[in-house]
Amino acid sequence: MIWEVFRQKKTGEYHTHCGNVHAPDREMAKLFAQIQHGRRKPTNSLWVVPQEEVGEVDAEETSFGGTTDKSYRWSTAYNIEPPAKEVEESANEQAEAERQRGDS
Amino acid sequence: MNIDEVKERAGPREFNPGDDLPEEYRKAATRMIQFHANSEIMGAYLERPFIRQSPSIDRKLAFSAKVQDEIGHGQFLYRAAESLGIKTREEMLDELANGKGKFLNCFHYPMENWAEIPMIAFFVDGAAMRRQATLKRTSWEPYAHAMDKICFEEGFHVKHGESIMRELATGSKKEQEMLQDAFDEWWPRIIQFFGPSDDKSTHHDFAAEVGLKTMTNDELRNAFLNQYLPKARKYNLEIPDEPRIRENDDGTFEIEEDDLDWDEFFTIAKNDYEPGVGQIEGRANAQEAVEWVRDAIEGDDQPTAGHTPTAAD
């Protein structure tokens, strides 16, 4: 049985996928995950999830973000000087996401 | 963990559903996050009728996207609240419908015209964002994670809100007058957004001690005034004479608290303010009207048998 492994580096951070392990049950999966994924890299917590329980939808199957122009949904569409630091940070995160999606 | 250990360990994103936390912490966090979630939903319901009044197709698209986002924020927050194990999402939605659920003062007031939209979409959203940015460091990890996603989206909301305000402020004389009227009416409510000053706030001390809140009402109000008063002036809005605001040399502000209507504020806080009661009932009716959709999704009922679907509005 295959178990997908998610590692959290520090308290409060997100668990992100880091690989998988072969194990007959949950207890063994937790042990193997520690050995294979928790030893060298900074680790605060690990999750193990049976691979068959993971549902997936990918970019071939759907169009993430829709098929029409939704530029109005992004702060980059508005020529406005951000009123506050937190608005500017949010706008920067959005601009970065836009760049990574390849929209701009 | 007992409450002293909680206070000892309290810090940003320190506690998660895997921790054994005392009921006192979980109840305080539930009250705070449920209030926040309810506010997202009630704000969205207040703005929703104005999607149809948008002055252009661009505004209509953006404004409906914004309202949709707010409903989504409510969903994240009910999840974060539910993960404390005190109330289920269903219980919280029922409490909102039956008038027990509390929410932000600004969303108890009726809105009548498009010129009022920037009061919510710029000033109230801006105030909310100021507060939410500090909640990225709250001690309940699922709440902080919800804030990551919410703050990511809010940048668009606030800039779009300001864009609407700029359009009105640079529009016809009539539009400018309507904007000023809206501002006169909403300004005291916006100041009250942050609640009473620190020495009158009832829940602050405990929430701060266990790391749920990271800034006081006064600190947040100061930061808001610092950033948003200049914006109001930039669009030639005349700041109402009351509440009197004194600007100190160190960049902080003092509000003459007696200039604000605290009787109304606390009537609202008890869900007893008449227009707000109507808004709670309006949302409850909408929730009931689409029960057949939920039943159909859950698949445990025959939704169309003998039942005529009704529109949510």
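These are my notebook entries on a predicted model with chains A and B.

**Entry 1: the interface**

I began with the contact between the two chains. How many residues does each chain bring to the contact? I counted 24 residues from chain A and 32 residues from chain B. Next I looked up the area buried between chain A and chain B. It comes to about 2,400 Å². Carbon and sulfur atoms give 56% of that area. I then asked which three residues supply more than any other three of the area that chain A buries against chain B. They are Arg73(A), Ile80(A) and Glu86(A), and they supply 26%.

I also looked for salt bridges across this interface. The rule finds three. I followed up on Arg73(A), and found that this residue forms a salt bridge with Asp69(B). Their closest N and O atoms are 2.8 Å apart.

**Entry 2: cysteines**

I turned to disulfides. A disulfide is a covalent bond between the sulfur atoms of two cysteines. I found zero disulfides over all chains. The cut-off is 2.5 Å.

Is Cys106(B) buried or exposed? I noted Cys106(B) as buried, because its relative accessibility is 0%. Cys18(A) counts as partly exposed, with 25% relative accessibility.

**Entry 3: a patch on chain A**

Here I looked at the surface. Met28(A), Leu31(A) and Ile35(A) form a nonpolar patch there. Together they have about 220 Å² of accessible area. I placed Met28(A) in helix H1 of chain A, which covers residues 26–37. Met28(A) counts as partly exposed, because its relative accessibility is 30%.

**Entry 4: Ser197(B)**

My last stop was a loop in chain B. Where is Ser197(B) found? I located Ser197(B) between helix H7 (173–192) and helix H8 (204–209). Although it sits in a loop, Ser197(B) is buried, with a relative accessible area of 10%. The limit for buried is under 20%.

Which residues are in contact with Ser197(B), leaving aside its neighbours within four places in sequence? I listed Asp218(B), Arg221(B) and Glu257(B). I also looked up Ile255(B). Ser197(B) and Ile255(B) are 58 residues apart in sequence. In space, their C-alpha atoms are 9.1 Å apart.

Notes. Residues numbered from 1 in each chain as written. Chains lettered and ligands numbered in written order. Predicted model: local features only at pLDDT ≥ 70, side-chain atom pairs only at ≥ 80, totals over all residues. Heavy atoms only, no water. Buried < 20%, exposed > 50% of the residue type's maximum accessible area, 1.4 Å probe, protein only. Patch = residues over 30% accessible without salt bridge, like charges linked within 9 Å, V, L, I, M, F, W, Y side chains within 5 Å. Areas by Shrake-Rupley, 256 points an atom, 1.4 Å probe, with all protein chains shown as cover. Salt bridge = Lys/Arg side-chain N within 4 Å of Asp/Glu carboxyl O. Helix = DSSP H or I, 4+ residues; strand = E, 2+ residues; numbered from the N terminus. Contact = heavy atoms within 4.5 Å. Buried area = accessible area lost by both parts, 1.4 Å probe.
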